[in-house]
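This report goes through a few local features of one protein model. Please look over the sequence and the structure before reading on.

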Amino acid sequence: MTKPITGGCLCGKIRYAIDQPVEKIIACHCTHCQKISGSGASFNTPVPSSAFKITAGTPKFFADTPDSGNIMHRYFCGDCGSSIYSQRTKTPEMVVLKVGTLDDSNGMKLVMNIWTKSARPWMHIDPALQGYPENRPV
Ligand SMILES: [Zn+2]
Ligand SMILES: [Zn+2]
């Protein structure tokens, strides 16, 4: 195997490592992701919790309640505010990592857009990609 994939927040206090390859990026255009990212969408990749390890610092979290009612903990750096990952209390076996925090995301590909019904009008959504007006089907 290759060396672990690493990333962290802007100030460097929070660092993490992933010991399996990550490839697919899912853009989420929900209103909560817009607020938390301060942007038009958040760009995420799902990672099994067992492969994800915080190697420095302790992220803070905000307990978000999306429309689905499933509480989601949104983890961020308490010093610089970088949004790093989220985890649903219902599915603790997965974390949803913000790919902008990876040190290197070469080789990764945007494959899907979700919650396109709330996409900002100035966001470009590639019609060639898979897209869902709300969450992707399970
Ligand atoms: Zn930080
Ligand atoms: Zn979202």
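## Strands and sheet

Two strands pair if DSSP finds at least two bridges between them; strands themselves are DSSP runs (E, at least two residues), numbered from the N terminus. The model is predicted: local features need pLDDT of at least 70, side-chain atom pairs count only at pLDDT 80 or more, and totals for chains, interfaces and linings use all residues. Residues are numbered from 1 along each chain as its sequence is written, chains are lettered from A and ligands numbered from 1 in the order in which they are written, and side-chain values use heavy atoms, with hydrogens and water left out.

Strand β2 (residues 15-18) runs antiparallel to β5, and 4 bridges join the two. One residue of β5, I54, is the bridge partner of Y16. An open, antiparallel sheet of 3 strands has the order β1-β2-β5. Because β1 (5-8) and β5 (52-56) stand at its edges with a single partner strand each, one side of each has no neighbour in the sheet.

## Residue Q87

Q87 lies in strand β8 (residues 83-88). Q87 is buried, its relative accessible area being 18%. Beyond its neighbours within four places in sequence, Q87 has contacts (heavy atoms within 4.5 Å) that include S49, H73, Y75 and P92.

Definitions and conventions
Buried means under 20% relative accessible area, exposed over 50%, partly exposed in between (1.4 Å probe, protein chains only).
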